Amino acid sequence: MSGRWALLICFCWMACEKAADIPVPYDGDRIVVNTLMQPDSLLYLRVTRSQPPGGSSFPEIPGAKVTLKAGSTEVPVEWQVIGGKGYFVSGVPVRYGFRYTLEVSAAGLDTVFATDTLPRAPLLSAPFAQAGGSRVRFNMRDLPGGDYYRFRLFQANRDYVPQKRALFRFDPSYNNSFTDLVSDTFLEYTLIDDGRFEGKEITVVMQTQEVNKAGGYLLLEVTGLTRAAWQYLKTLEQQVSNGGNPLVDPTAVYSNVHQGYGIMAGVNSAYLRVEIK
Amino acid sequence: MSLARRLLLGLLFTWLPLQLFAWNWRTRVTLSVRDQPLSVVCDLLEKQYGIHFSYSRDVVDMRRRVTLNVQQQPLRRVMDMLFSDEGIQFKRIGEQLVLTVKQVPVRTINGFVEDSRTGEKLIGATIYSPKLQVGTISNQYGFYSLTTEKDTLALVISYVGYEPQRLSLKDKENRQVNIRLMPTNTLQEVEVTDNLPGLQEQTQMSKVNVALSQVKTMPRMLGEADVLRSIQAMPGIAGGMEGSSGIHVRGGSPDQNLILLDGTPVYNSSHLFGIFSVFNPDMIKNVDLYKGAFPARYGGRLSSVVDISMKDGNMHSYHGEVSLGLLASRAMIEGPIIKGKTSFIITARRTYVDLLMEDFARNRLNLGEEGRFYAYFYDANIKINHIFSPRDRIFLSAYGGEDKANIGRNMQFDSLNNEPKRYKELMDFSLGWGNQAYALRWNHIFSPRLFSNVTLNYSQFLFDTRYSYDYQALDIQETDYMAGKYYSMVENTGAKMDFDYRPNPTHAMRFGAQLTFHGFRPGIASFNNSTDGRQLTDTAYNDRRNRGTELSLYMEDDWQIGDSVYMNLGVHSSAFLVPGNKYISVQPRLGFRYLLPRKWALKMSYTHMTQYIHLLSNNATFLPTDLWVAATDKVRPMHSKQVAIGLAKTYKKFEVSVEGYYKSMRNVIEYVEGSNFQAADSRWDENVIVGRGWSYGAELLLQKKVGTFKGWIGYTLARSERAFPNVNQGRVFPYKYDRRHDVEVVLSQQLGKKWQLSANWQFATGLPLTLPVGSYEQVTEPTPHYPPPTETPGEVDVVGDRNFLRMQNTHRLDISATHTKVRKNTAYILTFGFMNVYNKLNPFFYYYSRNEQTRERQLTMLSILPVLPSISYTIKF
């Protein structure tokens, strides 16, 4: 990966950009449904319209008809605006052990369908971070079977409510991103599968971009992902990181929404409270 | 008996012998035929004069056409006129004329053709008997063997760039004659000779050869002459992305090119991600590229064979060359170790941008006073050859090259992200890839007609990256140590025997066998990690080695069937053995040539090729991170069939050829969406899909190789397509290297003794392009109550069908001028030029760029080669 960027650096002094005029076909708007389902949390569903290539704002469809089922039981949803954005919010929390299905229809657009289950939560223990340091350490036990994880770190208040996303870099032993050490890159999240520690307990060290301050609080989040959630987040990460890179073909982002776009996938986060001492 | 009966009988006895029995050698014959086969002429004589001919059609070729117009000539003379020039002898037995093949005593002249000044063997020199109108060409070791009638008096030997030589043969015995040709002084007007071998005299088609002198005068990228970049300018060969030195032949992918350096495969032919080829032009003697009509001696790749021969080194005196360019410097030295018997040549090249940038990089990357920064490529060649006897010679050649980047940090910090914190970092990161290729070859002349070459070779491509990171906080107990490496390697060890047998002028046979052991290590990673003195990880992943054994046999015969009909009959059969599987392939290699009136040659070929190794890639171009793997049950070997038909002719100073071809491919692979080939584990074949491919088109080449004004015009009309079950709904779609039209004009003009001007203009229709066909909102959070991300989330682009759009057409003019000054046996050569003289902004890449203020996006075209000057300075001594 780093090699590709090295080439880009070589070329940047000679590169020149201009607006291109290539007519790109567009086959019309489709319904986009986006939701990551977290057990014991309400389900927040965004329903928007897709736009022609290059679009950057996406109209909501507040009048869409949404049918959400947990197993065979219909779950009521209602339209709410939160932080300036409209969501269909479930009337009851998402519960582990059910398959959720979704059907969304809107006038003039194809009806879309999506379904997924919920993954198991990661098993975390032994958090450690010291004042003046720039490391957060913890243990994670991986259960037998294929698992997918997302790691994030938040600066939190005394009640461990996340206040700000902390940037960090992950152990290259697990995600191969040793170029982050060279380029001094810190990220908001890391996605890995358990291919390198299947069924084992591992100790993970995250290097934080900021110095840990005495009396501070961090919230470590490790999220178990279903296969659909993993494919979506991983391909999304690839599409974003490869954007503008001429040496790779564009990555198609995974979608499990039939007749439309977006994702409906299960996630299951576990948290560790880290008090900086 | 009545008088009347006696008269009748008398007439009968007088007339019958005359008509039926009484022909003799003095019988007067009147005959007029025009371009008729001999068999028709014999039928006429039998009908008119009662002469019965007896011959075997298998032995005597009666299809040869003759033209004869005689009036009342004696029969013997007519027979002589008909048969003596056709190698047929006749004899009267009873009342029949028996025709047999005349046994002509023959002898064989053989030896090597070499440069008289350096002893360098010349590949493809023509050895020709004007009287008999038969000839041969020297093989890739400079060896020739010509079997002719014993009364051959003279041979003419010619080679482009050399004075033709006439060789008188006074005796009539077999002889070994080593021929030394004198190079034409390239600074003077090149003498044009009519003795150069014409295209119509070669059955081989779909072959490209670019003279090295032309390569060195063509416009250069950043001052670096590049043989592969020069070959891109020939029809049927495309360079792929703008600025790349890669070659894509007749719609094939780069991994389908067999690139041989002195007979040893080179897996990755480019430096700097494809910008320059790994072949130092100072080292190259000859380059042949086969786009189709593959000779049976080659195998293992689908789309092309690039056969590069390294120079042998000067046998008689020491010479050298030093060249300085904008990007790199080169040096070459050659000379005799034992004069006339052993010679050597050494070349080396290195870029030096990193040396100029080191201080800048050290500060920019916080590397510390003791930190280091290197980013360069280098390559080096060495070759030694020794003549043991007139019959035996060995060559030892070695190539090594690498692209390498190394960053080392050794620095103490007082703050982290603007917060006070004292810590020390030692970091070492290196990234490199490169080839090694070694060959040991032994030439032996068994007899004047049988030449052999035995080769032992080894080739390796290694991609290697490693890091170590040692962190220590100075005020608290906090330490980290991390180390890791990732590498992938492909290698092969081989042995082969090649024989070159020239039994007579109508046959030139080659046969041989090859055994190759392949080794693959597709993506091995190992890590070692400890923190605060505790060992966290120490492990290795995908640490496995795959092996495969390839055995191949081949035979080919360049056969002159008749005066106008030639065939190249060949077969290449191979077997590939991997644990649990074996694959066998028999590949016909057929060529045909028919001489048409006005010295045009009609050529046809039909060839099969098989490739047992695949390249895993999900990139838009060929990168060193791509992984070579062996065929498996799910992803079987690739096969191709190619048929080509064309016309060719050399007329005075010009060569013209036009060819059409159709190529089909099976078991080509494409990555599955979202797959990642950082390591090819045991299930890599689940990440690729297998499909089919087709390429077809027409190529036109008009070339002038001699004179002060040289160059060519090439035009390619082509289509290259692929179909995979899960790509574009299984429909046939354009392959990423598909270009519909490609025009190349390459011209060079010698001006006086010192100046040479060159220009290269190219036009090509745009490459296929994949662009998003829609966009939509993304989601990364299960609830809207998380703190906002550090960067505003972007969009998801809908990636539609692959390659359904086209980039804009491209065109560009490159020019260069070379000034040569010779003083006391030393040449001082200054080359300068401009790429893209009229600054055409050709597309390199398209993407949606964002205006960060408005957050709106716009389709944007990126161009990378504006007008670009180059300069290099060379001293040859």
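**Entry 1, the model.** I am working from a predicted model, so I keep in mind that every value here is computed from it.

I looked up the secondary structure first: chain A has 18 strands and four helices. I then took the extent of the C-alpha trace, and along the principal axes of chain A it comes to about 60 × 55 × 35 Å. Of the 277 residues in chain A, 44% are buried. I also checked how far apart in sequence the contacting residues sit. Among contacts in chain A with a separation of 6 or more, 67% join residues 24 or more positions apart.

Where do the domain bounds of chain A fall? The assignment puts domain 1 at 31–116, while domain 2 is written in two pieces, 123–254 and 262–275. I took the centres over C-alpha atoms, and those of domain 1 and domain 2 of chain A are 26 Å apart.

I went through the contacts across the boundary in chain A: 12 residues of domain 1 meet 11 residues of domain 2. Which strands of chain A supply at least two residues each on the domain 1 side? I find β2 (31–37) and β9 (109–116) there. The largest share of that side comes from β2(A), with six residues. Sorting the domain 1 residues that touch domain 2 of chain A by type, I get seven nonpolar, four polar and one charged.

Terms used:
Residues numbered from 1 in each chain as written. Chains lettered and ligands numbered in written order. Predicted model: local features only at pLDDT ≥ 70, side-chain atom pairs only at ≥ 80, totals over all residues. Buried ≥ 20, exposed ≤ 12 C-beta atoms within 10 Å, placed from the backbone. Contact = placed C-beta atoms within 7 Å. Domains from an automatic or database assignment. Nonpolar A, V, L, I, M, F, W, Y, C, P; charged D, E, K, R; others polar.
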